[in-house]
Amino acid sequence: MLTSLVHEDTDLSPSPTISSATLEVEEVRLSVNSEVETTIYNAHTSISYSIKPHATSNDPCWNAMRRVQTEVASLSLDDFSFIQKVGSGDIGSVYLVELKGNKGCLFAAKVMDKEELVTRSKEGRAKTEREILEMLDHPFLPTLYTTLDTDKWSLLLTEFCPGGDLHVLRQRQPEKRFDEAAVRFYTSEVVVALEYLHMMGIIYRDLKPENVLVRSDGHIMLTDFDLSLKCDDSTVMPQLVQERSPKLDHNSNDQSSNNSPPYNSSSCILPNCIVPHVSCLYSKHRQRRRRTIRRRFRMVAEPIEARSMSFVGTHEYLAPEIVSGEGHGNAVDWWTLGIFIYELLYGVTPFRGLDNEFTLSNIVARPFEFPKEPMVPTTAKDLITQLLVKDPTMRMGSTMGATTIKQHPFFDGVNWALLRCTTPPHIPQYFKTRDFVSSYDNCDDYVDYY
């Protein structure tokens with residue numbers, strides 16, 4: 001389902017500047033000897049990238065890029081082979097490129113025409129996307145390998161995801177929809193990516209299956225940040241929040257109603273205690289207090305105070321507050337998450353009308369309904385219902401962000417700390433450049449990957 005974009009330029013607060021003195025101090029701190037210092041200097045002057053923890057030394061593309069950079073004065077377009085156009089957007093087109101002399105080192109290059117950006121007043125959006133990509137350092141978000149600038153073109157080079165996007169992948173499913181396990185997997189990684197963006201003061205504003213790419217290992221990468229809002233640091237207020245424990249409370253009620261003892265034999269440290277239902281060390285009061293202390297705390301950093309009046313996004317995913325023009329903030333990302341989950345489960349979006357005007361009218365005025373078919377778990381419906389609340393102040397995630405969403409029963413069994421160790425529902429087949437090019441040459445039903 002290809003959907004149209006709506007957008008207006010947003011006034012952005014200027015990013016903080018870094019003085020030359022700061023850069024000099026950083027270079028001195030990093031340098032060990034003159035050879036290393038020279039390498040770092042070249043990296044900062046010739047290539048606009050930084051070493052990021054998740055782009056480890058095991059990444060052959062990262063190493064190749066650094067090696068070539070040390071061999072030439074500066075990278076240029078001549079150092080890359082442009083293989084195939086793989087997608088297009090409002091401010092540029094994406095190409096599959098390969099670093100010359102390094103077979104298999106593939107990148108996705110977003111190419112923007114500088115003159116066109118000026119003519120259409122899109123320089124601000126291009127600048128914002130570049131600044132955001134330079135900030136990101138997360139396994140489910142793009143790594144910016146380098147940027148290239150010529151008199152005519154501006155390029156951003158990130159990872160190439162051979163698995164395509166979730167829109168294309170969904171179309172290939174037997175019923176053109178994902179099963180519950182797959183939806184839980186993809187949604188959990190999207191939630192973590194959005195949580196990171198919000199902590200960085202970024203409101204994404206364009207979540208949809210077309211913007212969720214599948215890496216070679218089957219995990220996701222959220223892409224396309226030209227519609228994102230880069231907030232001022234003052235709008236992100238970190239706070240420590242105590243986790244709720246609904247399961248614990250539920251069990252406590254059951255115990256009291258059934259008059260069952262609060263302890264069992266496993267709570268006693270003696271192997272043959274003659275009073276198995278009485279704690280050998282603690283009273284009931286102290287045990288209750290101990291359970292309360294065990295509740296974990298989470299850091300929540302949501303850009304709650306951020307506000308924008310821009311009309312941006314994709315029609316079928318627009319939040320009601322954007323359509324009505326009342327101004328919007330971080331809650332729009334959690335609305336789009338609800339639409340995203342709905343589409344993955346049902347294969348359609350809930351408010352789609354005959355045209356864009358009907359769609360916008362449905363978003364503002366019409367309550368959504370769940371189809372009778374296919375059968376969807378109650379927990380998934382409940383999560384969608386709480387995310388698609390038209391009042392942004394009452395919407396799940398609007399104040400507590402991903403902390404609240406992660407605790408929803410739909411995500412029971414998800415190990416949030418080890419998402420990257422979870423087996424993906426779909427692993428892309430072994431990728432060959434030759435196969436990719438031949439399959440899309442002279443193809444009438446070409447589908448954008450990006």
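**View 1. Helix α11 packs against helix α13 in this predicted model.** Helix α11 covers residues 331–346 and helix α13 residues 378–387. Their axes lie 8 Å apart, at an angle of about 145°. Axes are lines fitted to C-alpha atoms, for helices over the stretch in contact, and angles run from 0 to 180 degrees between N-to-C directions. Helices (H or I, at least four residues) and strands (E, at least two) are DSSP runs, numbered from the N terminus. The crossing of α11 and α13 is left-handed (near helix turned anticlockwise from the far one by less than a right angle). From α11, the contact (heavy atoms within 4.5 Å) includes Trp334, Leu337, Ile341 and Leu345. Ala380, Leu383, Ile384 and Leu387 are among the α13 partners. The contact residues split into 11 nonpolar, one polar and one charged. Ala, Val, Leu, Ile, Met, Phe, Trp, Tyr, Cys and Pro count as nonpolar, Asp, Glu, Lys and Arg as charged, and the others, Gly among them, as polar.

**View 2. Trp335 stacks on Phe351.** The ring centres are 5.7 Å apart, with 15° between the planes. Rings of Phe, Tyr and Trp (its six-membered ring) pair if their centres lie within 6.5 Å; planes under 30 degrees apart count as stacked, over 60 as edge-to-face and the rest as tilted. Trp335 belongs to helix α11 and Phe351 to the loop between α11 and α12 (356–365), so the pair ties together parts 16 residues apart in sequence. Trp335 is buried at 0% relative accessibility, and Phe351 is buried at 1%. Buried means under 20% relative accessible area, exposed over 50%, partly exposed in between (1.4 Å probe, protein chains only).

**View 3. Asn362 sits in helix α12.** Asn362 is buried, with a relative accessible area of 13%. Asn362 touches Phe351, Arg352, Gly353 and Lys390, leaving aside residues up to four places away in sequence.

**View 4. Backbone details at Pro374 and Arg205.** Most residues other than glycine have a negative phi, and most peptide bonds are trans. The bond from Glu373 to Pro374 is cis, with omega near 0°. Pro374 lies in the loop between α12 and α13. Arg205 has a positive phi, near 70°. Arg205 lies in the loop between β7 (202–203) and β8 (212–214) and is buried at 5% relative accessibility.

**Notes.** Residues are numbered from 1 along each chain as its sequence is written, and side-chain values use heavy atoms, without hydrogens and water. Local features need pLDDT of at least 70, side-chain atom pairs count only at pLDDT 80 or more, and totals for chains, interfaces and linings use all residues.
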